[in-house]
Amino acid sequence: MPDSLGTAADAPHGSRPEQVYQRLRDLIVQGLLAPGSRIVETEIATRLGVSRTPVREALQRLQQEGYVMGSPGAQQSRLTVAPLTRDDVYELLNIVGVLEGLGARIAALLPAHARKTLVRDLKTLNGEFHRAGKATPIDHGALYDADQRFHRGIIESSAGPRLLSLHDAVKPQAERYIRLYISMLTSDIRTSVYEHDVITTAIDDGRADDAELAVQVNWRHAADRLSKVIAMAGERGSW
């Protein structure tokens, strides 16, 4: 268990189980709790300075959402951080594509003035994404950030509470893969920039079907690229 756990106070405000959940999820997404590593309830409670009850509640939620897993018949203390696998990433990224595709469809149906504002922001973010990908050396942090804000901008511009909740639950799981493998995904930035342009133009034109499909294709291609990378680099934590 890493020293980087910090305390529950490091997490966003909210109830104690929510704070513990946010802290543990952030550590898993950032790779500070490695895929396949053991999660011991008592150790987490001690490190975070909380009782075992909020830790247990947080771990149950993380298990339901797929961040941690347990062996059949194992007790809570036998939980491990979910591995990173080809099958998992393919499913996750395609689910994200469906959710964000729905967001893009709704965005394309916004009033013209709202679409124009969104499109201006998306073009700016795609420009930042392109510049980060062309930098020497490639600025992976800026690349990741611009891509995240591009996709999040579509969702936040249009989604209702249910879609936002689903996106918030699934997208960070996909982020685990993107963060870890991003340095191996930067050989074809131009394709991603082009796909972002296709999404932006469809939203700008109010073409809802095309906007939805363009987002789904973008994520499907990302899933294909990540699957190939994992095939070469190996799965993490699946031993």
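Contact here means heavy atoms within 4.5 Å. With that in hand, take Glu235: leaving aside residues up to four places away in sequence, Glu235 touches Leu84, Thr85, Arg86 and Ile230. This is a predicted model, where local features need pLDDT of at least 70, side-chain atom pairs count only at pLDDT 80 or more, and totals for chains, interfaces and linings use all residues. Residues are numbered from 1 along each chain as its sequence is written, and side-chain values use heavy atoms, with hydrogens and water left out.

**The chain as a whole**

- You'll find 9 helices and 2 strands in the chain; helices (H or I, at least four residues) and strands (E, at least two) are DSSP runs, numbered from the N terminus.
- Reading from the N terminus, the order is α-α-α-β-β-α-α-α-α-α-α.
- Of the 239 residues in the chain, 46% are buried (buried is under 20% relative accessible area, exposed over 50%, partly exposed in between, with a 1.4 Å probe and protein chains only).
- Take the contacts between residues at least 6 apart in sequence: 75% of them join residues at least 24 apart.

**Salt bridges**

- The structure has 14 salt bridges, each being a side-chain nitrogen of Lys or Arg within 4 Å of a carboxyl oxygen of Asp or Glu.
- One of them pairs Arg105 with Asp209, at 2.2 Å from N to O. Arg105 sits in helix H4 (residues 86-108) and Asp209 in helix H9 (residues 208-233), so this pair ties together parts 104 residues apart in sequence.
- Arg105 is partly exposed, at 24% relative accessible area, while Asp209 is exposed, at 53%.
- Lys116 and Asp204 form another, with their closest N and O atoms 3.0 Å apart. This pair also links distant parts of the chain, as Lys116 is in helix H5 (residues 112-134) and Asp204 in helix H8 (residues 189-205), 88 residues apart.
- Lys116 is partly exposed, with 48% relative accessible area, but Asp204 counts as buried, at 18%.
- Arg149 and Asp145 meet in a salt bridge too, at 2.9 Å from N to O. They're 4 residues apart in helix H6 (residues 140-158), which means about one helical turn separates them.

**Where H5 meets H8**

- Two packed helices are described by the angle between their axes and the distance between the axes.
- For H5 and H8, the axes come within 10 Å and cross at roughly 175 degrees; axes are lines fitted to C-alpha atoms, for helices over the stretch in contact, and angles run from 0 to 180 degrees between N-to-C directions.
- That makes H5 roughly antiparallel to H8 (the label for angles over 145 degrees).
- Residues of H5 in this contact include Lys116, Leu122 and Phe129, and those of H8 include Val193, Ile203 and Asp204.

**Back to Glu235**

- Glu235 lies in the segment after H9 and is partly exposed, at 37% relative accessibility.
- Glu235 and Pro35 are 200 residues apart in sequence, with their C-alpha atoms 9.4 Å apart in space.

Definitions and conventions: Parallel < 35°, antiparallel > 145°, perpendicular 65-115°, else oblique.
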